[in-house]
Amino acid sequence: QVQLVESGGGLVQPGGSLRLSCAASGSIFSINNMGWYRQAPGKQRELVAIITSGKSTRYSDSVKDRFTISRDSTKNTAYLQMSNLKPEDTAVYYCYSQIYVTRGALNAYWGQGTQVTVSS
């Protein structure tokens with residue numbers, strides 16, 4: 001069993017910052033990509049940022065230069081540092097990861113989601 005547990009969401013004013021964490025636990029052989037998606041009310045889930053096992057990163061155009069994704073492989077944890085937050089960043093943020101539970105068995109996992117609300 002593998003779990004992804006997110007933390008760090010909340011209410012913040014426009015221009016503020018938040019840091020999300022996503023910790024993977026359970027029967028893990030190794031972790032491939034880790035990333036964050038978000039879903040606003042009435043909209044489809046969209047990719048926010050992703051980081052590979054080699055720490056290459058990719059961002060959506062809407063968050064580039066404001067958000068930074070990182071990971072600590074010793075803790076099986078990914079982070080999303082969000083700065084200069086805007087009301088349009090309001091959404092439920094989901095952690096996503098591709099995890100090898102054994103050599104050759106790659107599965108995709110989602111966290112339960114954490115609410116981020118940007119409002120004055």
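Author: R45 lies over the face of Y94, at 3.7 Å from the ring centre. This is a predicted model, and the remarks below apply to that model.

Reader: Which other ring has R45 over its face?

Author: A charge counts as sitting over a ring if CZ of Arg is within 6 Å of the ring centre and within 35 degrees of the ring normal. R45 lies over the face of W110 too, with 4.7 Å to the ring centre.

Reader: How many aromatic pairs are there?

Author: Rings pair if their centres lie within 6.5 Å. The count here is three aromatic pairs. One of them joins Y37 and W110, with 5.1 Å from centre to centre and 65° between the planes. Planes over 60 degrees apart count as edge-to-face, so this pair is edge-to-face.

Reader: Where in the chain do Y37 and W110 sit?

Author: Y37 belongs to strand β4 (residues 30-39) and W110 to strand β10 (residues 105-110). They are 73 residues apart, and the pair links distant parts of the chain.

Reader: What is the geometry of the pair formed by Y96 and W110?

Author: That pair is tilted, at 4.9 Å centre to centre with 55° between the planes. Y96 lies in strand β9 (residues 91-102), 14 residues from W110 in β10. Together, Y37, Y96 and W110 make up one aromatic cluster.

Reader: Is Y96 buried or exposed? And what about W110?

Author: Buried means under 20% relative accessible area, exposed over 50%. Y96 has 12%, so it is buried. W110 has a relative accessibility of 39%, and therefore counts as partly exposed.

Reader: Turning to the strands, how many residues of β8 are buried?

Author: Five of the six residues of strand β8 (residues 77-82) are buried, so the strand is mostly covered.

Reader: Which strands pair with β8?

Author: Bridges show how strands are joined. Strand β3 (residues 18-26) pairs with β8 in the antiparallel sense, over six bridges. Strand β7 (residues 67-72) also runs antiparallel to β8, and six bridges join these two.

Reader: Which residues stand opposite Q81?

Author: Q81 in β8 is the bridge partner of R19, and T68 stands opposite Q81 as well.

Reader: Which way do side chains point in a strand?

Author: In a regular strand, they alternate between the two faces of the sheet.

Reader: What lies between β7 and β8 in their hairpin?

Author: Four residues separate the two strands, and N76 takes a positive phi near 50° in this hairpin.

Technical notes:
Residues are numbered from 1 along each chain as its sequence is written. This is a predicted model: local features need pLDDT of at least 70, side-chain atom pairs count only at pLDDT 80 or more; totals for chains, interfaces and linings use all residues. Side-chain values use heavy atoms; hydrogens and water are left out. Buried means under 20% relative accessible area, exposed over 50%, partly exposed in between (1.4 Å probe, protein chains only). Two strands pair if DSSP finds at least two bridges between them. Rings of Phe, Tyr and Trp (its six-membered ring) pair if their centres lie within 6.5 Å; planes under 30 degrees apart count as stacked, over 60 as edge-to-face and the rest as tilted.
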